[in-house]
Amino acid sequence: MPRRITLTLLLCGGLMLTGCGYPEVSPKTYEISKALYSVCNQKSEERLETVQELIQSSLEQEEISAREAEWLGEIIKQARQGEWEAALRETRQIMEDQVGR
């Protein structure tokens, strides 16, 4: 196998293992991501609770999947630990990965 193809396959496989990128999400998850981005940008601990409640109610109403709720929950966890920039980047990544879908 040519070296370039091998390198490309290794790179793609590595990206999949690290979890880079998000698959297509529901419109509600995209909406929540925008709200969460705003909350993280403002570093608003109070509004994190509101977004958490929105995630839970959206999950119960089956507007978002359990997987999507888990992703959003992990971002909230980062923010609660004071990792606002990481949470902001992750939220932005969800939104960017939806472009063109």
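## Two loop residues with positive phi

Lys43 sits in the loop that connects α2 and α3, and in this predicted model its phi angle is near 55 degrees, a positive value in a residue that is not glycine. Because its relative accessibility is 47%, Lys43 counts as partly exposed.

Glu62, found in the loop between α3 and α4, likewise is not a glycine and has a positive phi, of about 60 degrees. With a relative accessible area of 71%, Glu62 is exposed, since the cut-off for that word is over 50%.

Several residues of α5 are buried, namely Trp84, Ala86, Ala87, Leu88, Thr91, Ile94 and Met95. An α-helix has 3.6 residues a turn, so residues three or four places apart point the same way.

## The largest nonpolar core

The largest nonpolar core holds 20 residues, and those touching the most other members are Leu36, Cys40, Leu48, Val51 and Ile55. At least two residues of this core come from each of α2, α3, α4 and α5, while α4 gives the most, with six residues.

Leaving aside residues up to four places away in sequence, Leu36 touches Leu48, Val51, Leu72, Ile75, Ile76 and Thr91. Of these contacts of Leu36, Thr91 is also one of the buried residues of α5.

Methods: Residues numbered from 1 in each chain as written. Predicted model: local features only at pLDDT ≥ 70, side-chain atom pairs only at ≥ 80, totals over all residues. Heavy atoms only, no water. Buried < 20%, exposed > 50% of the residue type's maximum accessible area, 1.4 Å probe, protein only. Helix = DSSP H or I, 4+ residues; strand = E, 2+ residues; numbered from the N terminus. Core = buried A, V, L, I, M, F, W, Y, C linked by side-chain atoms within 4.5 Å. Contact = heavy atoms within 4.5 Å.
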